[in-house]
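Subject: Structure handover

Hello,

Here is the model I promised. Please open it first, then read the notes below.

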Amino acid sequence: MTDYNYSEIEKKWRKKWEEDKVFEAKEQQEGEKYYCLVMLPYPSGDLHMGHVRNYGIGDVFARFHKMKGKNVLHPIGWDAFGLPAENAAIKNKIHPAKWTKQNIVRMREQLKVLGISYDWSREFATCNPEYYRWNQWFFIKMWERGLVFRKRANVNWCPSCNTVLANEQVSNGLCWRCDSRTEHRDLEQWFIKITDYADELLEKHKQLSGWPEQVLSMQKDWIGKSFGAEIEFALTGTGEKLKIFTTRPDTLFGATFVVVAPEHKIIGEIKPRIMNYNEVAEYVAESGRKSNIERASCKEKTGIRLEGVNAINPVNGKEIPIFTADYVLTGYGTGAIMAVPAHDQRDWEFAKKYNIPIVEVIRGNDSCGITQSVDENAYEDEGVLVNSEQFNGIKSIEAFGVISEWIEKQGFGKKTINFKLKDWLISRRRYWGTPIPMVHCKICGTVPVPEKDLPVMLPEDVEFTGEGESPLKSSEAFVNVKCPKCGMDAERETDTMDTFVDSSWYYARYCDARNSNMAFDAVKANYWMPVDQYVGGIEHACMHLIYSRFWHKVMRDLGIVKHDEPFINLLTQGMVTLGGRVMSKSKGNIVSPDEIIGKYGADTARLFVLFASPPQKQLDWSMEGVEGCWRFINRIWRLFDVVHKKSDIPASEKNKNDILKIMHQTIKKVTIDIEKEFQFNTAISSIMEFVNALYAYKYHSNDGGASVEAYKTVVLLMSPFTPHICEEIWEMLGHRGYISTYPWPAFDESMMKQSSIEIPVQINGKLRGKIMISTGTDEDEIKKIIETNEKIAPQLKDKKIEKFIYVKDKIITISVK
């Protein structure tokens, strides 16, 4: 047998797969469909081994289920709009479209070299008008349904990227894209009312049993549903009322101060009454330079009192001070809270710092029955109400409802539900994104572009300056249009859409990627949807995975999909690290797959990233591990000669059964590990053990074909992991057609049972020997075997057997005199 020439073999099979369209998917009337999808890749220019792991995981699922007889859809495309392309245009004086298309060509070549079983006939890039036309169509449909609106809002701004960021795109006060510190600006913005679906986004979690619990927990926390009450506090000397939100109406009698967010409009409305307004204005400005994350997570709470104005606690008429503090955010509740320092540790610390009274209204005991004092810390557990007038003695858990109903009857409050989730800010003052299809007319107001005029194309004559204004404003031909409603002079909207719009519905476009008349045909989409297996990073839990779930529900309500959720199962793969840090171009610690493939081949690169760690766990890069996988692939290659070289020793029935037993055990292990456990590393490990057993087997080609059948099974089981070499060996074994489409091997439970076993024999409590028996041997036969056993029989001679206990296939216990 020749040496393993991976370069020629891999080229050969990639060419054949492409020519014969092996992985192109079509809707079928019969059989089960399987839609496998890896999150839409951004065309950054080059793959690194983290990408290889991600796409390799998806390919194992796709290839396995194809061999299981399912009709598999495994598409690929490009999340092609985005800031890096525009920043490259500014820096290098190259148009974003050219930069993006060059990168797509490069990454497409790299993906094809890996042998991923993509249906390339469905490939698209979201920057093409054929795709973003439908972004605009969906936008207009949402506008028609009242799900899109425009308002002035305080937004996150990245001064480096010169763009607006959604809350989800700011992490620890830093831009998610470039790690620059963000700031706040007040701008006119476009929003999508994702909050209309907040309850359903939570409620439909029960349909997502195939998702990691961590992702569901992260989404639940981000959506942040909370039950409470809105209560009005009158302000002294102003006639104004301040509406606060609280989740603890049972503690209302203990409210000793009120806190408003620095951005709260009440500060401006009562400005003349605030005696220290200049100091308050300075504090507000300072808070504006912090991110919401910084403000919420800062351990030491800061604030400033609005001197000259107090709030009146509506339940007891007491005047209490008003503070502004940056730990209160406008995005949650009403942007104002009542503070109960006796029963909230954050409020307790603030009250101690600013010498504010602390009034106990819930009394409780610790585990030893000792009454807890609020002098040293806040008491935050359950108890009974005190200092709460007519509600004294009521259990705090019951007081929530009782007091909520009472304040509604009194007319100064109401029960309400609040969400941390806010409407999705989608407008970006950038060029490289989907133009928002709206026109601003002085007569008609803001009106949508007629559907027949879509897509609104990105203009070519723009200037990339990197300044805060949208580059689209520099194109007069783009901006100046006629109002589609009255025909008078008007201006186009110059903001573009957040690129998360592109990835919120792309999975449905794959179902009908070449349709020029609609986003997709509903019949085709409902055949393939929902996605059976989705693969991607957990960092998208509170962005892409929430947006796409929301978008899918809108498409359902538009009548073009029928399911509630887009993704049945989700696997969040772990990162690939090098030197203890996640591989990243920006950190300069990437390993190029080109280097590994050039030296060892694509199958080796695939095998390492699939074997070195469970898919969900972090994978530490190791060249020693790569070389180990290369050696194993070569062992499989050389095993062809080993199993075909006839042994001088004929195999007994037991010899054959032993190797076939290992074969069936391995089939079962690998099947379960791929299909149910998602443990590719242990699946590969079991195949390695099987290969070791075949090398140790001494009866090749003199065993009635058992060893050849076992080798054939090795190749079938390895096919999803290392497809190129397996196709080559499959052909060498004389098979016609592709191993990629051959049925997955089945395991036989009966073949996995041991045909013979060794069990111990105890006489009067001491081990006196062991005997070999066939599994399932009955007691009478066992006694005959013992009577002829050279070691045990003499110990029973001339003795009376009082007890003979046989635990089937386990142990024999004999008592004698």
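One definition first: buried means under 20% relative accessible area, exposed means over 50%, and partly exposed lies in between (1.4 Å probe, protein chains only). By that rule glutamate 728 is buried, because its relative accessible area is 11%.

Some ground rules. This is a predicted model: local features need pLDDT of at least 70, side-chain atom pairs count only at pLDDT 80 or more, and totals for chains, interfaces and linings use all residues. Residues are numbered from 1 along each chain as its sequence is written, and side-chain values use heavy atoms, with hydrogens and water left out.

Overall picture

The protein has 817 residues, and 54% of them count as buried. Its C-alpha trace spans about 110 × 80 × 50 Å along the principal axes. It contains 24 helices and 32 strands. Both are DSSP runs, numbered from the N terminus: helices are H or I with at least four residues, strands are E with at least two.

Take contacts next (heavy atoms within 4.5 Å). Among those between residues at least 6 apart in sequence, 72% join residues at least 24 apart.

The protein exposes about 36100 Å², and carbon and sulfur atoms supply 48% of that area. Accessible areas come from the Shrake-Rupley method with a 1.4 Å probe; for residues, only the protein chains shown count as cover.

Charges

Lys and Arg count as positive, Asp and Glu as negative; His and the chain ends are not counted. Each charge is placed at NZ of Lys, CZ of Arg, CG of Asp or CD of Glu. There are 108 positive and 111 negative charges, and their mean positions are 3 Å apart.

Salt bridges

The structure holds 47 salt bridges. The criterion is a side-chain nitrogen of Lys or Arg within 4 Å of a carboxyl oxygen of Asp or Glu.

Lysine 12 and glutamate 728 pair at 3.0 Å, N to O. They bring together distant parts of the chain, 716 residues apart: lysine 12 sits in helix α1 (residues 6-19), glutamate 728 in helix α23 (residues 723-732). Lysine 12 is partly exposed, at 29% relative accessibility, whereas glutamate 728 is buried.

Aspartate 186 and arginine 152 form a salt bridge at 3.6 Å, N to O. Aspartate 186 is partly exposed at 43%. Arginine 152 is exposed at 51%.

Arginine 556 and glutamate 200 meet at 2.5 Å, N to O. Arginine 556 lies in helix α16 (residues 544-557) and glutamate 200 in helix α6 (residues 198-203), 356 residues apart. Arginine 556 has 17% relative accessible area, so it counts as buried. Glutamate 200, at 16%, is buried too. The pair belongs to a network of salt bridges with shared partners: Glu200, Glu203, Lys204, Lys206, Arg556, Asp557 and Asp564.

Negative patch

Glu279, Glu282, Glu286 and Glu307 form a patch of negative charge on the surface. Patches use residues with over 30% relative accessible area and no salt bridge; like charges are joined within 9 Å, nonpolar side chains (Val, Leu, Ile, Met, Phe, Trp, Tyr) within 5 Å. Helix α9 (residues 277-288) gives the largest share of the patch, 3 residues. Glutamate 286 lies in that helix. It is partly exposed, because its relative accessible area is 42%.

Best wishes
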